Amino acid sequence: MKNIILTGVGGQGTVLASKLIAAAAMEKDIPVTSAETIGMAQRGGSVFSHLRMGEGVHSPMILPGEGDLLIGFEPGEALRMLPYLKEDAPIVTSVRPVIPVTAALAGGTYDGRLQLDYLKSLSHPLYTVDPDEAIRELGNPKVMNVVLLGAAVATGLLGLEPEDVKQAIRIRLPEKLQELNFRALEYGMKLVSA
């Protein structure tokens, strides 16, 4: 059984990435359940998905300390989900912070450095993705979710092959977006295997 947590801020594609993983698992006849919290997604609020794959899953929710992999679309949100991870579970995260709406409205500052430094100090294997480099390479910021998904695939912990995720992209995304997302997946995989 695999317990995967995806977390980010509304508008980053967290839910789509979760649905791509689930679709890839279902295509391989792997039982999968998922649950998302997306209530504040339109307002830039926290978004997370619990995704459980494998036999014997009776609930979509992951209990604290049972997560096998955390995919963070934003460093502060990744930090927020740490209690759900196993002691040695890897973290794949973007290094780009997204200023919370409350901090922006209050005139506060947030650059994500403290959160990233803390994540680096932990015993969890940490894979970071620099969105600016990916955007320069791919030419489109809207595929960062698939870049992070590619990095997660490359860890080997999803139990999915690149072709499985490409097939999910073919099923779930319009044809005109597929080639760009294939490139994003491959780009993310190179970040971990390099």
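Biologist: In what order do the elements of the chain run from the N terminus on?

Modeller: In this predicted model, the elements run β-α-β-β-β-α-β-α-α-β-α-α-α-α from the N terminus on. The chain holds eight helices and six strands.

Biologist: What makes the strands a sheet, and in what order do they stand?

Modeller: Two strands count as paired if at least two bridges are found between them. The six strands form an open sheet in the order β2-β3-β1-β4-β5-β6, with mixed pairing.

Biologist: Why is one side of β2 and of β6 left without a neighbour in the sheet?

Modeller: β2 (32-37) and β6 stand at the edges and each has a single partner strand, so one side of each is left without a neighbour. From one strand to the next, the twist averages 15°.

Biologist: Which strands does helix α1 lie across, and which does α4 lie across?

Modeller: Helix α1 (residues 14-27) lies across β1 (2-9), β2, β3 and β4 (69-72), and runs at about 10° to β3. Helix α4 lies across β5 (91-94) and β6, and runs at about 160° to β5.

Biologist: What makes Pro125 buried, partly exposed or exposed?

Modeller: Pro125 has a relative accessible area of 34%. That value lies between the 20% and 50% limits, therefore Pro125 is called partly exposed. Pro125 lies in the loop between α4 (113-121) and β6 (126-129).

Biologist: Which residues is Pro125 in contact with, leaving aside its neighbours within four places in sequence?

Modeller: Pro125 is in contact with Asp88, Ala89, Pro90 and Ile91. Pro90 is 35 residues from Pro125 along the chain, and the C-alpha atoms of the two are separated by 4.6 Å.

Biologist: Why is the pair Asp111 and Arg113 called a salt bridge?

Modeller: A salt bridge requires a side-chain nitrogen of Lys or Arg within 4 Å of a carboxyl oxygen of Asp or Glu. The N to O distance between Asp111 and Arg113 is 2.4 Å, so the pair qualifies. In general, side chains of opposite charge can pair when their charged atoms come close. Asp111 is partly exposed at 38% relative accessible area, whereas Arg113 is exposed at 57%. The structure holds seven salt bridges.

Biologist: How do you know that Arg170 and Glu163 form a salt bridge?

Modeller: The closest N and O atoms of Arg170 and Glu163 are 2.8 Å apart, which is within 4 Å, so the term applies. Arg170 counts as partly exposed at 34% relative accessibility, and Glu163 counts as partly exposed at 44%.

Biologist: What does the salt bridge of Glu186 with Lys166 tie together?

Modeller: The closest N and O atoms of Glu186 and Lys166 are 2.6 Å apart. Glu186 lies in helix α8 (residues 175-193) and Lys166 in helix α7 (residues 162-172), so the pair ties together parts that are 20 residues apart in sequence. Glu186 is partly exposed at 36% relative accessible area. Lys166 has 16%, which is under 20%, so Lys166 is called buried.

Biologist: Why is helix α6 called mostly covered?

Modeller: Eleven of the twelve residues of α6 are buried, including Met144, Val147, Leu148 and Thr155. Helix α6 (residues 144-155) reaches 17 Å from its first C-alpha to its last, close to the 16 Å expected. Just after α6, Gly156 takes a positive phi of about 85°.

Biologist: How do you know that the radius of gyration of the chain agrees with that of a compact globule?

Modeller: With 194 residues, a compact globule would have a radius of gyration near 16 Å, and the chain has 16 Å, so the two agree. Along its principal axes, the C-alpha trace spans about 50 × 40 × 35 Å. Buried residues make up 47% of the chain.

Terms used. Residues are numbered from 1 along each chain as its sequence is written. This is a predicted model: local features need pLDDT of at least 70, side-chain atom pairs count only at pLDDT 80 or more; totals for chains, interfaces and linings use all residues. Side-chain values use heavy atoms; hydrogens and water are left out. Buried means under 20% relative accessible area, exposed over 50%, partly exposed in between (1.4 Å probe, protein chains only). Helices (H or I, at least four residues) and strands (E, at least two) are DSSP runs, numbered from the N terminus. Contact means heavy atoms within 4.5 Å. The expected span of a helix is 1.5 Å times one less than its number of residues. Axes are lines fitted to C-alpha atoms, for helices over the stretch in contact, and angles run from 0 to 180 degrees between N-to-C directions. The radius of gyration is taken over C-alpha atoms; the globule rule is 2.2 Å times the number of residues to the power 0.38.
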